[in-house]
Amino acid sequence: MFDLRTTILAAACVFALSACGDKNPPPAEQAAPAPMAEEAAPVTPAAETAAPAAEAPAAGVKGAAVVADCATTIDGNDAMQFDVSSISVPASCAQFTINLTHSGKMPAAAMGHNVVVSAMSDMQAIASEGIGQGLANNYLKADDARIIAHTKIVGAGETTSVTFDTSKIKGAGPYEFFCSFPGHSALMKGTISVS
């Protein structure tokens, strides 16, 4: 039980620290002065006719996973985040592979990640019931029929993968992927579907 408490405490500390960024603006005496109107660069005809630049995604917004050859690679980090928020599996794939990397610096016992695929409606129960199963069992209940697929839990610098039959994520969705490490499923999740 001590290991579980330590793990949960470590995860909570990392989560709290990642949320505590300096969001206050610098004091007025350190702020750069605003440019005066006469200092603004004149608009040239070339600038007026230039095509608008493509907008970058807003900070913190994650996109869809890159899928090739019926597989994708997603990454988890020490800030309890996956680098993607959705996976779209091509309908032509009978099987699909999810490769998971861990780009953080913390070991599996402190900040481990895995990928679990289930119906969205089952995710919370799977994660809650898995807490008591421990790291050795990937924080998942053995033989849980609600789990479509899952990887083992990995730590910093490690990788793992899982391949599953895509017919399991067709039909009565929606389906989700998430991390079952205690407390991670609140942030580390996304949708998975066949398109």
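Which residue does a disulfide join to C70? In this predicted model, a disulfide joins C70 to C93.

**View 1. The disulfide of C70 and C93.** The S to S distance is 2.1 Å. The angle about the S-S bond is -90°, and the link is left-handed. A search of the whole structure finds 1 disulfide.

View 2. C70 has a relative accessible area of 25% and is partly exposed. Its disulfide partner, C93, has a relative accessibility of 3%, which is under 20%, so C93 counts as buried. C179 is also shown here; at 0% relative accessibility, C179 counts as buried.

View 3. Strand 2 covers residues 67-68, and strand 3 covers residues 71-76. The two strands run antiparallel and are joined by 2 bridges. V67 stands opposite T72 of strand 3. The hairpin has 2 residues between its strands, and D69 takes a positive phi near 55°.

**View 4. Strand 3 beside strand 5.** Strand 5 covers residues 95-102 and pairs with strand 3 in the parallel sense, over 6 bridges. G76 stands opposite H102 in strand 5. Strand 3 is mostly covered, with 5 of its 6 residues buried. In a regular strand, side chains alternate between the two faces of the sheet.

**View 5. The largest nonpolar core.** This core has 30 residues, and those that touch the most other members are I74, I87, I98, V117, F164, F177 and I192. Two or more residues come from each of several elements: strand 4 (84-89), strand 5, helix 3 (108-111), strand 6 (116-119), strand 7 (147-150), strand 8 (159-165) and strand 9 (175-178). In soluble globular proteins, nonpolar side chains tend to be buried together.

Definitions and conventions
Residues numbered from 1 in each chain as written. Predicted model: local features only at pLDDT ≥ 70, side-chain atom pairs only at ≥ 80, totals over all residues. Heavy atoms only, no water. Buried < 20%, exposed > 50% of the residue type's maximum accessible area, 1.4 Å probe, protein only. Helix = DSSP H or I, 4+ residues; strand = E, 2+ residues; numbered from the N terminus. Pairing = 2+ DSSP bridges. Core = buried A, V, L, I, M, F, W, Y, C linked by side-chain atoms within 4.5 Å. Disulfide = S-S within 2.5 Å.
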